[in-house]
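Please read the points below with the structure open beside you. They are meant as a colleague's note for someone who has not looked at this structure before.

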Amino acid sequence: MADSTLISTPFTAASTAEDVLRGLDLTGVRAIVTGSSSGIGAETARALAAAGAEVTLAVRNTAAGEAVAESIRESTGSMRPRVAPLDLADPATVAQFAEAWRGPLHLLINNAGVVTGGLERTREGWEVQFATNHLGHFALAAGLHGALALGASDRGPARIVAVSSTAHMRSGIDFDDLHFAHRSYDPQIAYAQSKTANSLFAVEATRRWAANGIVANAVNPGGVSTGLQRNFTPQQRQSLEAAEAAGVFTYKTVEQGAATSIVAAVWPAFGHSGGHYLDDAQEAYPVPNDVDLAQHPHGVKEWALDPDLARRLWIVSTDLLSV
C-alpha cells in the first residue's frame, strides 16, 4: 500500500537516533522530553543533548532523572540536562511544570507512558492509562503553547512529537465510556485507546496551532524492551509473544527505538507539516479500521487520523481538564 504522497526519509528500522542526527547542530534548541529517566526517553534526550540541544528531563522520579542527566553529561561532554518533576497523572503537577517554564520552547517530545495490568484510577476517577498517556500530555502541551509559539518565532516551526504505538490498531476511542465505567476492563484495549488518542492529538494540535508555527506528529517507536512492560500480566505477555511470532514486530534496541522520534523532531518535512503518523522513520500508510494488525503492522488505522474524531477528542479533553 505504498503511497508516493507520503513523506519518506533515508532512514530505516535499523537506523539509530545518532544516525538521524549525524552532522546536525542543535545548539540553541530547547527541548523537553517526558519520561526520560529510562528507556527510549533517556536515549532520545541523550541524542538531542549530544547534538547540542538544551534538554529538560521531565520525569516523575527525579532521582532517576538526575542519574540519567549525569550519565548524559559524562558520555557526551554536552551541557548537563535539567531535571524537573512531572507526574502526568496529576493535573496540578502538569500545571506547575508549565507555569514554571521560562522562555521559548522549540521541541516537546511527549514520550512518557504507562501500562497497567488492571484497572487503576486517578483521584479524578480517570482510567490511569488514558489519563497519563493522553490527558497529561494534552494538558502539558496546552500549558506550554505560549512557549512553543515563542520558540516558533525565535527559530522557525516548533515541534511536538507524540509517542504512540502500533497498539493503536487494537482500539479507537470509546467516547461513551472513556474511563471504563460500564464496559469490562481490558488493559490492552485501554492502552490502545490512549495510543490512538496520542495520534489524534497530533492531528488536531496541528490544525489549531499551525498558524502559530507549531506542528505535531505522532510516532511508533517499534518494539523495544523497556520498563513499560514491567506491569504486564501473563495474558499481556502472551499477547506480545504471539504478536512477535506472527511477525507484527521484531525487537529494536533503544537507540533504534528513539530514531523515529528524532526523525519527527528534526527532519525538515516534519517541521512544516503535521498530523502525520510515523513508523520505522517513515510516514505510515493509512489502512481501514477493520484490517488485522498482523496484515499491516506498519500501517496506521483511519481512526487514528480522522480529523472529526480529533476535534471531538480535543473538546472532550478540554472539558475534562478545564484547560
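1. Gly 143 is found in helix 5, in what is a predicted model. Because the relative accessibility of Gly 143 is 43%, between the 20% and 50% cut-offs, this residue counts as partly exposed. Gly 143 and Phe 97 are 46 residues apart in sequence, yet in space their C-alpha atoms are 8.7 Å apart.

2. Phe 97 leads on to the largest nonpolar core, which has 49 residues; Phe 97 is listed among the members that touch the most others, together with Ile 32, Leu 105, Leu 108, Leu 144, Ile 160 and Phe 201. Two or more residues of this core come from each of several elements, namely helix 4 (91-100), helix 5 (128-143), helix 6 (145-155), strand 5 (158-163), helix 7 (187-209), strand 6 (214-220) and helix 12 (307-321).

3. Leaving aside residues up to four places away in sequence, Ile 160 touches Leu 108, Asn 110, Ala 141, Leu 148, Phe 201, Trp 209, Ile 214, Val 215, Ala 216 and Asn 217.

4. Strand 4 (residues 107-110) is covered on both faces, with Leu 107 and Ile 109 buried on one side and Leu 108 and Asn 110 buried on the other. Strand 1 (residues 30-34) runs parallel to strand 4 and is joined to strand 4 by three bridges, with Val 33 standing opposite Ile 109. Strand 4 is also joined to strand 5 by four bridges, again in a parallel arrangement, and here Ile 109 stands opposite Val 161.

5. Helix 7 has 23 residues, and the distance from its first C-alpha to its last is 32 Å, close to the 33 Å expected at 1.5 Å a residue. The helix is mostly covered, since 20 of its 23 residues are buried. At the start of helix 7, a side-chain oxygen of Asp 186 comes to within 2.9 Å of the backbone nitrogen of Gln 188.

6. Not counting residues up to four places away in sequence, Ser 199 touches Ala 218, Tyr 277, Ala 304 and Leu 305.

Note on methods:
Residues are numbered from 1 along each chain as its sequence is written. This is a predicted model: local features need pLDDT of at least 70, side-chain atom pairs count only at pLDDT 80 or more; totals for chains, interfaces and linings use all residues. Side-chain values use heavy atoms; hydrogens and water are left out. A nonpolar core is a set of buried Ala, Val, Leu, Ile, Met, Phe, Trp, Tyr and Cys residues joined through side-chain atoms within 4.5 Å. Buried means under 20% relative accessible area, exposed over 50%, partly exposed in between (1.4 Å probe, protein chains only). Contact means heavy atoms within 4.5 Å. The expected span of a helix is 1.5 Å times one less than its number of residues. A polar contact is a pair of N or O atoms within 3.5 Å; within protein, one must be able to donate a hydrogen and the other to accept it, and residues adjacent in sequence count only if both atoms are side-chain atoms. Two strands pair if DSSP finds at least two bridges between them.
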